[in-house]
Amino acid sequence: MTRTLPVLLLALFAFSLAACDRVSQSALDLVVGDCFVEPAAEAEVQEVQRAPCNESHSGEVLLVGDYPDQDEYPGEAAFTSWVEANCLGEVFSTYTGMAYEDATDIEVSYFYPTSEGWGQGDKEMTCYLVPADQVPVSFSYRAGASPAAS
């Protein structure tokens, strides 16, 4: 039995590597350029399903950054202001190759810390691109990316 366990673990590891493009992962582990399936409901998001950008997805990470540290929980209005200041200008145009005002087919959404997470040190903000018509896409919004890019 002890000899089959390492073989079984190796097989499971190989399978997990092969399937890693379509697995759930912590929303806190997203990085710029990651594509994922946007959660359906507006609720606390802990995990998202990652997807290759050349396969059906509805979210693409534009920016991951920390909200300025402060003791009191800022709240959604302050987070929205942070997104407007940090995700809709130069970051957006550098990533997509177009000005936010000219992008009629893309919208920006974001994940922000919960008050409980804030109290535990989570200050991470994640801005991501979504199709304006809410129909999943199979390409990257990154400037210069071909429709088959991931």
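I count Ala, Val, Leu, Ile, Met, Phe, Trp, Tyr, Cys and Pro as nonpolar, Asp, Glu, Lys and Arg as charged, and the others, Gly among them, as polar. I keep in mind that this model is predicted.

I looked up the second largest pocket. It holds about 150 Å³ of space. Which residues line this pocket? I find Glu-38, Ser-58, Glu-107, Ser-109, Val-130, Pro-131, Gln-134 and Val-135. Strand S5 (106–111) and strand S6 (124–131) each give two or more residues to the lining. I sorted the lining residues by type: 3 are nonpolar, 3 polar and 2 charged.

**Entry: the sheet**

Next I traced the strands. Six of them, in the order S1-S3-S2-S4-S6-S5, form an open sheet with antiparallel pairing.

I then checked S5 against S6. They pair in the antiparallel sense over 6 bridges. I looked up Ser-109, and its bridge partner in S6 is Tyr-128. Ser-109 is also one of the residues that line the second largest pocket.

**Entry: the core**

Last, I looked at the largest nonpolar core. It has 20 residues. Those with the most contacts inside it are Leu-62, Trp-82, Val-83, Cys-87, Val-108, Cys-127 and Leu-129. Strand S4 (59–66), helix H2 (76–87), helix H3 (90–96), S5 and S6 each supply at least two residues of this core. Which element gives the largest share? H2 does, with 4 residues.

Key. Residues are numbered from 1 along each chain as its sequence is written. This is a predicted model: local features need pLDDT of at least 70, side-chain atom pairs count only at pLDDT 80 or more; totals for chains, interfaces and linings use all residues. Side-chain values use heavy atoms; hydrogens and water are left out. On a 1 Å grid over the protein atoms alone, a cavity is a set of points where a 1.4 Å probe fits but cannot get out, and a pocket is an open set with protein on both sides within 12 Å along at least five of seven lines; lining residues have an atom within 4 Å of a point. Grid points are joined across faces, edges and corners, and a volume is the space filled by probe spheres set on the points. Two strands pair if DSSP finds at least two bridges between them. A nonpolar core is a set of buried Ala, Val, Leu, Ile, Met, Phe, Trp, Tyr and Cys residues joined through side-chain atoms within 4.5 Å. Buried means under 20% relative accessible area, exposed over 50%, partly exposed in between (1.4 Å probe, protein chains only).
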